[in-house]
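Here are my notes for your first read of this model. Keep the structure open beside the text and find each residue as it comes up.

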Amino acid sequence: DVALSVKVLPNGKILAGGYSGVNAIGSFSMIQLNSDGTLDKFFGDGGKVTTDLEGSNLAYSLLVQPDGLIILAGNANYSFFNDRCDIGVVRYNPDGSLDKTFGDAGISIATSGGWNNVACAALQADGKILVGGYSNYHTI
């Protein structure tokens, strides 16, 4: 399990997002801690949330909207051998459940058929989500 982004919420709880799985490539994941460092048992499944997208996935950026909705953005469908990597954005309710009003039941995947590596994400003032990174990166 790897946490790549951390936010301290207005209520003092700590939210950490990243990825977990075999060889550190698998699922988008988050944990929420109470201010004393214990897992928040009311968030997700005992304080933990894991979301499987197609293929291997790496979440790099964690955002919290003003209304408390949580966003994880990163790579989806990662496949080094097939030279493919898509952009994945997942939105959650404050309790860690998927926000079914976003994308396809909480998950949005942008596919170009090539290599797209997410490096960061940000929220615009109008609520739109910006995702940055690089495309068409190839390793020989």
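This is a predicted model: local features need pLDDT of at least 70, side-chain atom pairs count only at pLDDT 80 or more; totals for chains, interfaces and linings use all residues.

1. Start with a term. Two strands count as paired if DSSP finds at least two bridges between them.

2. Now the overview. The protein chain has 10 strands and zero helices. The chain exposes about 7,500 Å², with 54% of that supplied by carbon and sulfur atoms. Look also at the contacts between residues at least 6 apart in sequence: 39% of these join residues at least 24 apart.

3. Which strands form the open sheet, and in what order? Four strands do, in the order 1-2-3-4, with antiparallel pairing. Strand 1 (2–8) and strand 4 (48–51) are the edge strands, each pairing on one side only. From one strand to the next, the twist averages 20°. As background, strands of a sheet pair through backbone hydrogen bonds, either parallel or antiparallel.

4. Check the pairing residue by residue. Val-6 stands opposite Ala-16 in strand 2. Val-8 has Ile-14 of strand 2 as its bridge partner. On to the next pair of strands: seven bridges join strand 2 to strand 3, and these two run antiparallel. There, Leu-15 stands opposite Gln-32 in strand 3.

5. Is strand 2 largely enclosed or largely open? It is largely enclosed by the rest of the structure, because six of its seven residues are buried.

6. The hairpin of strand 1 and strand 2 has five residues between the strands. Gly-12 sits in that loop and takes a positive phi near 90°. Gly-12 counts as partly exposed because its relative accessibility is 25%, and the buried class requires under 20%. The C-alpha atoms of Gly-12 and Leu-33 are separated by 9.1 Å, although the two residues are 21 apart along the chain.

7. Ser-29 deserves a look. It lies in strand 3. Its relative accessibility is 12%, so Ser-29 counts as buried. Beyond its neighbours within four places in sequence, Ser-29 is in contact with several residues, including Ala-16, Gly-17, Val-49, Thr-50 and Leu-72.

8. Next, the nonpolar cores. The largest has 15 residues. Those with the most contacts inside it are Leu-15, Phe-28, Met-30, Ile-70, Leu-72 and Tyr-92. Strand 3 (27–33), strand 5 (56–64), strand 6 (70–79) and strand 7 (84–92) each supply at least two residues of this core. Strand 6 gives the most, with three. Apart from this core lies another, of six residues, among them Leu-63, Ile-71, Val-89 and Phe-102.

9. Take Leu-72 as a worked case. Leave aside its neighbours within four places in sequence. Leu-72 is then in contact with Phe-28 and Met-30, and the list also includes Ala-59, Leu-62, Val-90 and Tyr-92.

10. How many salt bridges are there? The count comes to two. In one, the side chains of Lys-13 and Asp-40 meet at 2.9 Å, N to O. This pair links distant parts of the chain, 27 residues apart. Lys-13 is in the loop between strand 1 and strand 2, and Asp-40 is in the loop between strand 3 and strand 4. Asp-40 counts as buried because its relative accessibility is 3%.

11. In the other salt bridge, the side chains of Asp-99 and Arg-91 meet at 2.7 Å, N to O. Both Asp-99 and Arg-91 are buried. In general, side chains of opposite charge can pair when their charged atoms come close.

12. Finally, a backbone angle to check. Phi of Ala-105 is near 60°, a positive value in a residue other than glycine. Ala-105 lies in the loop between strand 7 and strand 8 (107–110). Its relative accessible area is 33%, so Ala-105 counts as partly exposed.

Terms used:
Residues are numbered from 1 along each chain as its sequence is written. Side-chain values use heavy atoms; hydrogens and water are left out. Contact means heavy atoms within 4.5 Å. Accessible areas come from the Shrake-Rupley method with a 1.4 Å probe; for residues, only the protein chains shown count as cover. Axes are lines fitted to C-alpha atoms, for helices over the stretch in contact, and angles run from 0 to 180 degrees between N-to-C directions. Buried means under 20% relative accessible area, exposed over 50%, partly exposed in between (1.4 Å probe, protein chains only). A nonpolar core is a set of buried Ala, Val, Leu, Ile, Met, Phe, Trp, Tyr and Cys residues joined through side-chain atoms within 4.5 Å. A salt bridge is a side-chain nitrogen of Lys or Arg within 4 Å of a carboxyl oxygen of Asp or Glu.
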